[in-house]
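Biologist: Can you take me through this structure? I'd like to begin with whatever terms we need.

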Amino acid sequence: MATIRLRNTDAWITEEEEVRAFLSSQGVYYEHWDLSSLTPEQSNSFLLSDSDKEKILSALTPQIEKLAKERGYVKWDVIALSSQTPSLDELLKKFEQVHTHTEDEVRAIVAGSGIFIIKGSADVGYFDVNLRAGDVISVPEYNPHFFTLTDERAVVAVRLFIDPAGWVAHPFEDASFTKA
Ligand SMILES: [Fe+2]
């Protein structure tokens, strides 16, 4: 289950219904998938071959196809990041810059954990969404955000696209960004 931290006040939202209500108020799509179709190994592996990734997609086909049908996604893949990923720190540095896309950014966390830092409404400011296995989020198109790892430094996620070309990152300079 996702939890939220508001950067301006360091307040946390941890109750499921409050998390859902807050994300909905910010226009952020959220749902939680049942991952019981994955094997224990699939839930704990972060170095994946193409075949491992295909097997994960296959195990999650019902959830993926339902979401794709509801929200118009036509392509999907699996990404894995961990301390075994070459140049992980450099990659994270590149990730950790506020940016936008012309389509929404969808991630379904399959294993490990991650954080989306998202620009909220004017009264809210930037907030962190801490995501664990089963959490599915969509950051709306044109909404400033970035993604990073937790201290666990490992994540496997399904990405879904309407058009992969829409996922190009456009840097978003923002003096109001709250760093910590
Ligand atoms: Fe992004």
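Modeller: One term before the details: a residue is called buried when its relative accessible area is under 20%, and exposed when it is over 50%, with partly exposed in between. Also keep in mind that this is a predicted model.

Biologist: Fine. Which protein atoms are the donors of the iron ion?
Modeller: The donors are His99 (NE2), His101 (NE2), Glu105 (OE) and His145 (NE2), at 1.9 to 2.2 Å from the iron ion.

Biologist: What is the geometry of the site of the iron ion?
Modeller: The site is irregular, with angles of 80 to 171° among the four donor atoms.

Biologist: How are the donor residues spaced in sequence?
Modeller: The spacing is H-x1-H-x3-E-x39-H. His101 sits in the loop between β5 (99–100) and β6 (105–119), while His145 belongs to strand β9 (residues 145–149), so this pair ties together parts 44 residues apart in sequence.

Biologist: Is His101 buried or exposed? And His145, buried or exposed?
Modeller: His101 has a relative accessibility of 2%, so it counts as buried. His145 is buried too, with a relative accessible area of 1%.

Biologist: Which elements give two or more residues to the lining?
Modeller: β4 (75–82), α4 (88–95), β6 and β11 (170–171) do. The largest share, three residues, comes from α4.

Biologist: What kinds of residues are in the lining?
Modeller: Ten are nonpolar, four polar and four charged.

Biologist: Phe95 came up there. What else is there on it?
Modeller: Phe95 and Thr148 are 6.6 Å apart in space, C-alpha to C-alpha, and 53 residues apart in sequence. Thr148 lies in strand β9, and at 9% relative accessibility Thr148 counts as buried.

Biologist: Now the helices. Which residues of α3 are buried?
Modeller: In helix α3 (residues 61–71), the buried residues are Gln63, Ile64, Leu67 and Ala68. They cover an arc of only 125° around the axis, so they are on the same side of α3. Pro62, Lys66 and Lys69 are exposed, on the face turned away from the buried side of α3.

Biologist: And which are buried in α2?
Modeller: Ile56, Leu57 and Ala59, in helix α2 (residues 50–59). Seen down the axis of α2, the buried residues fall within an arc of 165°, so they line one face of the helix. The face turned away from the buried side of α2 carries the exposed residues Asp50, Glu54 and Lys55.

Biologist: Backbone next. Which residues other than glycine have a positive phi?
Modeller: Tyr142 and Arg153 are examples: phi is about 70° for Tyr142 and near 50° for Arg153. For context, most residues other than glycine have a negative phi.

Biologist: Where are those two placed?
Modeller: Tyr142 is in the loop between β8 (135–139) and β9, and Arg153 is in the loop between β9 and β10 (154–161). Tyr142 is exposed, with a relative accessible area of 57%, whereas Arg153 is partly exposed at 30%.

Biologist: Last one: where is Val28 found?
Modeller: Val28 is in the loop between α1 (16–25) and β3 (29–32). At 4% relative accessibility Val28 counts as buried. The C-alpha atoms of Val28 and Pro86 are separated by 31 Å, and the two residues are 58 residues apart along the chain.

Note on methods:
Residues numbered from 1 in each chain as written. Predicted model: local features only at pLDDT ≥ 70, side-chain atom pairs only at ≥ 80, totals over all residues. Heavy atoms only, no water. Donors = N, O, S within 2.8 Å, 3.2 Å for Na, K, Ca; no water. Tetrahedral: all angles 85-135°; square planar, octahedral: opposite > 155°, others 65-115°. Helix = DSSP H or I, 4+ residues; strand = E, 2+ residues; numbered from the N terminus. Buried < 20%, exposed > 50% of the residue type's maximum accessible area, 1.4 Å probe, protein only. Nonpolar A, V, L, I, M, F, W, Y, C, P; charged D, E, K, R; others polar. Arc of directions from axis to C-beta.
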